[in-house]
Amino acid sequence: MGEEAVEFRVETKGCQQNAVVVGDKTYVFSRSDDDSKSSVTIKILDKQAQTWVVPTVLGKQPSLSKSMSAIPVNDEKILIVENGVPLIHSFWFLEIDTPFVKEQQKIKGVEVVVWSKGVVGVGQKPVVISGPSGVGKGTLIAKLMKDYPSKFGFSVSHTTRSPREKEIDGIHYHFTEQSKIEKDISEGKFLEFAHVHGNVYGTSIEAVESVTDEGKRCILDIDVQGARSVRASSLEAIFIFVCPPSFEELEKRLRARGTETEEQIQKRLRNARAELDQSNSPGLFDHLLVNDDLETCYENLKKLLSLDDDEGDSNELSIKEGNYSIVSKVNSKILLQSETNEAANGTASMYVIFPLFLYEGPAIG
């Protein structure tokens, strides 16, 4: 027997509300019909405390043009389906108790939920992003993580240096002992490593696997030397090098930061020139991005990573125009049923989404 959808819908003037019960909490979704595209707002009722909470919402929120229905997939996620659009673009997950959500709640000290787009298919390759200091790759990565926090995961590097003020082990770096990291490197547990100012920095296979195990696309922010090591490893990844529009512009940006001495600036410029020369090495980088304008470069990066691609596939399964609702769930199978007049004639259309989420991580090791 299928599990009935634990969900109710309330239609008010200009507004649709859906509510889903998961454990001791009720998640209420509201969507205004004032505009052709409207975002979803979320409130949470804690049944034990009898209090309402407005959570911090992360991730790129869906703009829904049709009606929606919802059902809990498990204790960690809720499925939301937008009706009357191609199926592959119609369903979203609201993460409510995943490892990423728990981590963010610990950091922020507030209730957190995260939107993520439904995916059917094979998990995408990790992304290696390199570029000279001052080129803006950190800003580009930060924008990706802000807009798609549940789609991408950042590989946390290991280091033997001591934590700085406000740095948290496991979030900013994995802080480790010299003997431990050297042993792990000798045993082939690291994709890349480097000695910098008497300390060792590196990316472990385990750090990448921990991201892919969560069904996310791993981002590695490493220098050209590290990228070369990863390219020589068994990790299948996309390699992107971010370039400045000119060397003079890069120097201008470095000086504008006002955080380094002249000696440090000259050292970074020497390293930058060497990295720019190496970026053209045959077979090292798959794509070169010029960061002349940050927003333009970011849009080009998203295109490379196939984000915000609204073009449909001619072979997509589509849900016909009309009102559909989620009526039952058996394991990972979600049954959608028509609420149109077809039901009265015994010809109601029904669809099964299976699997809801299929992820196959990249081969590592």
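## Helix pairs and buried faces

Mentor: Let's start with a pair of helices: H6 and H7 cross in a right-handed way. Keep in mind that this is a predicted model.

Trainee: Okay, which residues of H6 and H7 make the contact?

Mentor: On the H6 side they are Phe247, Leu250, Glu251, Leu254, Arg255 and Arg257. H7 brings Glu262, Ile265, Gln266, Arg268, Leu269, Ala272, Arg273 and Leu276.

Trainee: How many of those are nonpolar, polar and charged?

Mentor: The contact of H6 with H7 has 7 nonpolar residues, 1 polar and 6 charged.

Trainee: And at what angle do the axes cross?

Mentor: Roughly 145 degrees, and the axes of H6 (residues 247–257) and H7 (residues 262–278) come within 11 Å.

Trainee: Let me pick on Gln266. Is Gln266 buried or partly exposed?

Mentor: Gln266, which sits in H7, counts as partly exposed because its relative accessibility is 31%, and buried would need under 20%.

Trainee: What does the side chain of Gln266 make a polar contact with?

Mentor: With the side chain of Glu262, at 2.7 Å.

Trainee: New topic: H4. Which residues of helix H4 are buried?

Mentor: In H4, residues 205–212, the buried ones are Ile205, Ala207, Val208, Val211 and Thr212. Looking down the axis of H4, these buried residues fall within an arc of 165 degrees, so they line one face of the helix.

Trainee: Why would residues a few places apart point the same way?

Mentor: An α-helix has 3.6 residues a turn, so residues three or four places apart point the same way.

Trainee: Got it. What do the buried residues of H4 pack against?

Mentor: Strands: S14 (152–154), S17 (190–196), S18 (199–204) and S19 (217–221).

Trainee: While we're on strands, where is Glu95?

Mentor: Glu95 lies in strand S11, residues 91–95. Glu95 has a relative accessible area of 6%, so it is buried.

Trainee: Who does Glu95 touch?

Mentor: Leaving out residues up to four places away in sequence, Glu95 touches Glu76, Lys77, Phe100, Val101, Val113, Val114, Ser116 and Ser150. Take Lys77: it is 18 residues from Glu95 in sequence, yet 4.5 Å away in space, C-alpha to C-alpha. Glu95 and Thr98 also have a polar contact of 2.7 Å between their side chains.

Trainee: What about the backbone: what is the phi of Lys166?

Mentor: About 75 degrees, a positive value, although Lys166 is not a glycine. Most residues other than glycine have a negative phi. You'll find Lys166 in the loop between strand S15 (158–159) and strand S16 (174–175), and it is exposed, with a relative accessible area of 72%.

Trainee: And what about Ser306, what is its phi?

Mentor: Ser306 has a positive phi too, about 60 degrees. Ser306 belongs to the loop between helix H8 (294–304) and strand S22 (324–330), and with a relative accessible area of 47% it is partly exposed.

Trainee: Last one, zooming out: how many helices and strands are in the protein?

Mentor: There are 8 helices and 24 strands. Of the 365 residues, 44% count as buried. Among contacts with a separation of 6 or more, 58% are between residues 24 or more positions apart.

Conventions. Residues numbered from 1 in each chain as written. Predicted model: local features only at pLDDT ≥ 70, side-chain atom pairs only at ≥ 80, totals over all residues. Heavy atoms only, no water. Buried < 20%, exposed > 50% of the residue type's maximum accessible area, 1.4 Å probe, protein only. Helix = DSSP H or I, 4+ residues; strand = E, 2+ residues; numbered from the N terminus. Arc of directions from axis to C-beta. Contact = heavy atoms within 4.5 Å. Polar contact = N/O pair within 3.5 Å; in protein donor to acceptor, adjacent residues only side chain to side chain. Axes fitted to C-alpha atoms, helices over the stretch in contact; angles between N-to-C directions. Left-handed = near helix turned anticlockwise from the far one by under 90°. Nonpolar A, V, L, I, M, F, W, Y, C, P; charged D, E, K, R; others polar.
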